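Student: Hi! Could you walk me through this structure? I'd like to start with how the strands pair up.

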Amino acid sequence: MIVLKDISFQYPQSEFKLKFQELSIQAGSKTAIIGPSGYGKTTLLNLIAGILIPDSGAINVGENMVHSLSDSDRRKFRIQNIGFIFQDFRLIPYLSVYDNILLPFRINQNLKPGKSSKDYTMKLADELGIGKLIKKYPAKLSHGERQRVAIARALINEPQLLLADEPTGNLDPANKQHIKKMLFNAVDTQNATLIAVTHDHEMLDGFDHIIDFKTLNMNSMRS
Amino acid sequence: MKQSFYLAIRYLLFYRFRTLILVIAIGLIIFLPIGLQRLITDSEDQMMERANDFPLIVGAKGSSTDLVINAIYFQQQPIDQLTVHDGKILDETELGFTIPLLAMFKARNFPIVGTSLDYFDFRDLRIEEGRNLRFLGECVIGATVAEDLNLKAGDSLISSPENYFDMAGVYPLKMSVVGILEASGTPDDKTVFTDLKTNWIIMGLGHGHEDVIKLTDPTLVINRDSSNVRTTSKLFIYNEIDGKKMDSFHFHGAMESYPVSAFIFVPDNTKSATIFRGRFEAGELPNQVVIPIKVVDHLLQSIFRIKHIFNAVFILVGMATMLILILIVTLSLRLRKDEIHTIFTMGCSRYKIVEILGIELLLLVIISGTVAAALFYLTGFFVDDFIRYFIL
């Protein structure tokens with residue numbers, strides 16, 4: 001269960017303010033967050049991930065009280081519990097597909113890349129249809145292929161929570177549905193919770209919950 | 001740490017062209033000051049060591065530096081000549097013995113030095129292959145000459161003509177290579193040694209040709225009397241001295257007046273050396289005597305003053321390069337802002353990010369240092385060339 005209570009957050013030297021009373025997301029569910037640009041959808045993901053700290057309020061992800069964790073504990077929490085999928089993929093250009101997928105293991109001392117993680121990398125790549133591209137570099141891949149690599153990277157540490165920021169934003173309609181299907185399959189297989197930010201209403205089909213920043217009991221605003 | 005190394009190496013390999021340029025730039029900046037310092041120090045040592053082996057040099061009045069450069073490094077600086085007679089005057093002092101040197105010609109870019117057999121004893125030069133000089137037209141070559149020209153005992157070597165367009169000038173002489181010296185790590189390795197007479201033949205002071213007394217071809221003889229035969233230029237002059245032609249070689253004029261570039265004077269002892277020099281200072285002996293080590297020391301002091309300018313330039317260039325490197329690293333970090341933000345978002349610690357970037361920089365410096373060390377090692381092979389082209 002993910003619970004955010006009495007949240008208030010404002011970026012320094014910015015007029016933007018995110019404020020709401022309560023938001024609960026069921027573990028193992030697929031939740032879509034929709035709303036116009038600039039209303040704080042990505043900020044909400046960053047708060048849940050512990051990248052940003054609220055000015056006030058509490059954020060609980062399972063048993064983790066994210067808002068009260070130290071810097072290093074929040075990093076550890078992220079690397080062990082969360083998988084990220086970014087709109088612009090954010091693949092590392094000088095790493096092959098294989099190394100990009102395995103990246104969480106290479107940047108965290110608590111996760112050592114062993115045989116099981118390397119085997120799992122190949123399994124994920126095969127499942128996502130990029131098994132033959134494993135030695136290629138991101139610059140040689142299509143948009144759809146890059147997004148699949150990004151999904152594999154997000155799933156490699158078998159996270160409880162998958163945070164996706166516009167995961168199909170840069171894709172053509174056919175690829176969008178395909179990627180969504182893969183994402184749902186992967187989430188179901190790992191029994192993970194998916195929170196996806198999107199402004200594409202055609203993509204909402206299949207999500208368990210939809211949170212609309214405009215109409216739900218949220219109080220995000222531009223003052 | 002292992003994973004940070006892995007990521008750093010992947011980065012450097014992926015941007016290999018950028019890495020190569022940085023390695024070359026940093027490598028050169030590390031190498032240039034220490035490489036030049038080594039060239040200068042080694043050159044100084046090598047030149048001083050050589051000069052120290054020669055007690056006194058006697059030559060015609062003029063530049064003492066040119067005299068020493070000609071006499072002990074065999075660089076053919078134009079100097080006034082002495083004669084064989086001058087050597088006799090020196091020997092008559094009975095304060096030591098003289099070794100003549102005549103360095104005027106080249107064979108395939110290596111100096112030909114005419115001298116006596118005493119030179120080989122004096123320099124403790126040993127024959128590694130073949131034998132020492134015995135007959136006219138023979139030469140003994142240094143180890144480097146043999147290696148570079150791929151010569152062995154029994155081969156021949158032709159002296160270089162001084163001027164291709166001067167038909168009346170010095171004719172090339174085909175010399176027999178009879179011996180190859182052991183390498184000594186000195187200019188002797190790069191020298192072709194002959195006896196003085198062979199050198200004089202190259203100069204044209206001696207020559208060999210058909211017996212003019214027996215000439216019957218009227219187109220070869222201009223006139224003839226009881227003591228003299230004048231021939232036309234059609235008369236064939238030998239350019240090689242072998243057993244059959246040996247007897248036909250002869251010299252014209254008084255041999256005492258034949259040229260010598262300089263004499264090495266080996267005094268019997270320190271007292272003899274002092275007396276010998278005193279006689280020159282008193283004007284009792286003609287020409288000039290120099291102590292090579294003093295001349296070389298003076299020469300090096302003058303030349304190496306420029307070393308301080310080089311050092312200052314390298315410090316400034318080094319500082320400028322370091323500033324540029326800092327700029328490059330800063331710009332590179334800015335370009336990699338998204339990448340750094342991504343791995344930070346994924347849970348990478350700031351320490352780990354600094355570790356990865358630090359290892360990248362460290363690897364660059366280590367590779368550059370290795371390149372600089374390799375260049376530094378190679379510098380040792382160019383000390384002779386440095387001396388030849390920049391000092392002498």
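Student: Which residue stands opposite Glu129(B) in S8(B)?
Tutor: Ile180(B) stands opposite Glu129(B). Those two belong to a pairing of strand S5 (residues 127-130) of chain B with S8(B), antiparallel over 3 bridges. Two strands pair if DSSP finds at least two bridges between them. Strands themselves are DSSP runs of E with at least two residues, helices are runs of H or I with at least four, and both are numbered from the N terminus.

Student: Before we go on, where does the model come from, and how do the numbers work?
Tutor: This is a predicted model, where local features need pLDDT of at least 70, side-chain atom pairs count only at pLDDT 80 or more, and totals for chains, interfaces and linings use all residues. Residues are numbered from 1 along each chain as its sequence is written, while chains are lettered from A and ligands numbered from 1 in the order in which they are written.

Student: How many residues of S8(B) are buried?
Tutor: 6 of the 8 residues in strand S8 (residues 174-181) are buried, so to speak mostly covered. Buried means that 20 or more other C-beta atoms lie within 10 Å of the residue's own; exposed means 12 or fewer, partly exposed is in between, and the C-beta atoms are placed from the backbone.

Student: And Thr41(B), why does that count as partly exposed?
Tutor: Because Thr41(B) has 13 C-beta neighbours inside 10 Å. Thr41(B) sits in helix H2 (residues 16-53) of chain B. From C-alpha to C-alpha, Thr41(B) is 9.5 Å from Val383(B), although 342 residues separate them in sequence.

Student: Which residues of H5(A) are buried?
Tutor: Thr121(A), Leu124(A) and Ala125(A) are.

Student: What do the buried ones pack against?
Tutor: Helix H3 (97-101) and helix H6 (143-155) of chain A.

Student: How many residues are in the largest nonpolar core?
Tutor: There are 69, and those with the most contacts inside it are Ile48(A), Ile151(A), Ala152(A), Leu162(A) and Leu163(A). H6(A) gives the largest share, 6 residues. A nonpolar core is a set of buried Ala, Val, Leu, Ile, Met, Phe, Trp, Tyr and Cys residues joined through C-beta atoms within 7 Å.

Student: Last one: how many residues of chain A are in contact with chain B?
Tutor: 15 residues of chain A are in contact with 17 of chain B, where contact means C-beta atoms, placed from the backbone, within 7 Å. The largest share of chain A's side, 4 residues, comes from H2(A).

Technical notes:
Two residues are in contact if their C-beta atoms, placed from the backbone, lie within 7 Å.
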